[in-house]
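Biologist: Please take one part of this model and look at it closely. I would like to know how the pieces there pack, residue by residue.

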Amino acid sequence: LKENCQLCDIIEPDFLMRMSNIKPILTPLFESVGIDTKKHTSGTLISAFTKTREPRRAHDALNDMRNFRDAILELRFRRPQLNVILAHL
């Protein structure tokens, strides 16, 4: 997004300054329940938890975020003590 703003010669939105990389926070949490995050993207992470439900089509921005949300919900279900940490992301 930042590069697109520069290419189009427009001012970057303020929210870009507040964005954070949550991967270093979430990777150990997913690994703590046996998920190898190196094998997945945000859009396919949910498939590591369950084989009973087909994930939404990956590489579609909205579906990737829905699949990622589902993976975080599954993580919270399996490790309820993580709710405090995840609530602040």
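Modeller: Buried here means under 20% relative accessible area, exposed means over 50%, and partly exposed lies in between (1.4 Å probe, protein chains only). By that cut-off Thr37 is buried, with a relative accessible area of 15%. The model is predicted, so local features need pLDDT of at least 70 and side-chain atom pairs count only at pLDDT 80 or more, while totals for chains, interfaces and linings use all residues. Residues are numbered from 1 along each chain as its sequence is written, and side-chain values use heavy atoms, with hydrogens and water left out.

Thr37 sits in the loop between helix 3 and helix 4, where helices (H or I, at least four residues) and strands (E, at least two) are DSSP runs numbered from the N terminus. Leaving aside residues up to four places away in sequence, Thr37 touches Thr27, Phe30 and Glu31; contact means heavy atoms within 4.5 Å.

The axes of helix 3 (residues 23–31) and helix 4 (residues 61–78) are 11 Å apart and meet at an angle of about 55°. Helix 3 is therefore oblique to helix 4, given that under 35 degrees counts as roughly parallel, over 145 as roughly antiparallel, 65 to 115 as roughly perpendicular and the rest as oblique. From helix 3, Leu26, Leu29 and Phe30 meet Phe68, Ala71, Ile72 and Leu75 of helix 4. The residues of this contact are 7 nonpolar, no polar and no charged. Nonpolar covers Ala, Val, Leu, Ile, Met, Phe, Trp, Tyr, Cys and Pro; Asp, Glu, Lys and Arg are charged, and the others, Gly among them, are polar.

Phe68 lies in helix 4 and is buried, at a relative accessible area of 15%. Not counting residues up to four places away in sequence, Phe68 touches Ile22, Leu26, Phe30, Ser42 and Leu45. Phe68 and Ile46 are 22 residues apart in sequence, yet their C-alpha atoms are 6.6 Å apart in space.

As for the setting, the chain has 5 helices and 0 strands, and 25% of its 89 residues count as buried. Mean pLDDT (the predictor's confidence in each residue, from 0 to 100) is 80 for the chain, with 81% of residues at 70 or more. Confidence is highest in helix 3, at a mean of 88, and lowest in helix 5 (residues 83–87), at 68.

Conventions: Axes are lines fitted to C-alpha atoms, for helices over the stretch in contact, and angles run from 0 to 180 degrees between N-to-C directions.
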